[in-house]
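Hi,

Here is the structure I promised to pass on. Have a look at it first, and then read on for what I found in it.

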Amino acid sequence: SGKHSFDRGLLKLRAVAADLVESPTESSSAADLHLFGVATLLAGDAATAVERLRRATERYPGDAVLRCDLSAAYWEASRSGNAIDGQAVVHSIAAADRALEIDSKNPVARFNRALAIESLHLSLPARRAWNDYLASDSGSGWGNEARQRRSRLLVPTHIERWKQALQQLEQAVLQGDSATIRSIIRADLQQSRTHSELLFLKEWA
């Protein structure tokens, strides 16, 4: 099937990358460190890739492509544990931002940046980041993925829905609309109870 073909292709790619993974020396050039870093990332060792790519950026700080690869490595490293590593995500965003300072139209940097922001569950900033990416690439396969990710973010989160409901609840209280009040409370009993307790504590204090 297509999926199995993709899996076999990925395994072959990782095998080739593994052959390239060497231990760079102190005299290794920035280009060699870049190559070793990307190969290490493809071989599945994101943490080592980050270190090699970071060393390469120290030697060649003005390379936008190198910064993009560092951003990708940080993002992969952020997902290597049981939970998202927020610090690695922040480093991923910073590397993408630096790439955009060098090349403001770089689509890879925009994609990496949006992906990292989305992983922090920041819906509004993530939607804006995907919009920024789609402004530079709307027709490629990456563009299709960006649209799908943005569409998922357009669905309001639980907290966003509760904030909307809370405005309606407060308006219903002012108007004495008991039917609307009961409807909102039944729809989200736990949030309603928590909000009521906070109001009580505020008044009591």
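Predicted model: local features only at pLDDT ≥ 70, side-chain atom pairs only at ≥ 80, totals over all residues.

Being three residues apart in helix 7, Trp130 and Tyr133 are separated by about one helical turn.

**The rings**

Trp130 and Tyr133 are both buried. For Tyr133 the relative accessible area comes out at 0%. The ring centres of Trp130 and Tyr133 lie 6.4 Å apart with the planes at 90°, so this pair is edge-to-face.

There are four aromatic pairs in the structure. Another of them joins Phe111 to Tyr133, again edge-to-face, with 5.3 Å from centre to centre and 75° between the planes. Phe111 belongs to helix 6 (residues 107-119) and Tyr133 to helix 7, so this pair ties together parts that are 22 residues apart in sequence. Phe111 has 6% relative accessibility and counts as buried, since the cut-off is under 20%.

Put together, ring pairs link Phe111, Trp130, Tyr133 and Trp142 into a cluster.

**Helix 7 against helix 8**

How do helix 7 and helix 8 pack, in angle and axis distance? The angle between helix 7 (residues 123-136) and helix 8 (residues 141-153) is about 155°, and their axes are 9 Å apart. An angle over 145 degrees counts as roughly antiparallel, and helix 7 and helix 8 are therefore roughly antiparallel to each other. The crossing of helix 7 past helix 8 is left-handed.

**Helix 2 against helix 4**

Now for the other helix pair. Helix 2 (residues 30-42) packs on helix 4 at an angle of about 30°, with 11 Å between the axes. That makes helix 2 roughly parallel to helix 4, as angles under 35 degrees count as roughly parallel. Here, too, the crossing is left-handed.

From helix 2, the residues His34, Val38 and Leu41 meet Val65, Leu66, Asp69, Ala72, Ala73 and Glu76 of helix 4. This contact divides into six nonpolar residues, one polar and two charged.

His34 is worth a click of its own. Leaving out residues up to four places away in sequence, His34 touches Leu53, Ala56, Val65, Leu66 and Asp69. One of these, Ala56, sits 22 residues from His34 along the chain, and their C-alpha atoms are separated by 5.9 Å.

**Two serines**

Here are two serines to look at side by side. Ser119 is in helix 6 and is buried, with a relative accessible area of 14%. Which residues does Ser119 touch, not counting those up to four places away in sequence? They are Trp75, Ile84 and Val89.

Ser80, on the other hand, lies in the loop between helix 4 (64-78) and helix 5 (86-102). Ser80 has a relative accessible area of 62% and is exposed. Although 34 residues separate Ser80 from Ala46 in sequence, the two are 7.9 Å apart in space, C-alpha to C-alpha.

**The chain overall**

To finish, here are the totals. The protein chain has 11 helices and zero strands. Of its 205 residues, 35% are buried. Among contacts with a separation of 6 or more in the protein chain, residues 24 or more positions apart account for 48%.

Cheers

Methods
Residues numbered from 1 in each chain as written. Heavy atoms only, no water. Axes fitted to C-alpha atoms, helices over the stretch in contact; angles between N-to-C directions. Helix = DSSP H or I, 4+ residues; strand = E, 2+ residues; numbered from the N terminus. Parallel < 35°, antiparallel > 145°, perpendicular 65-115°, else oblique. Left-handed = near helix turned anticlockwise from the far one by under 90°. Phe/Tyr/Trp six-rings, centres within 6.5 Å; stacked < 30°, edge-to-face > 60°. Buried < 20%, exposed > 50% of the residue type's maximum accessible area, 1.4 Å probe, protein only. Contact = heavy atoms within 4.5 Å. Nonpolar A, V, L, I, M, F, W, Y, C, P; charged D, E, K, R; others polar.
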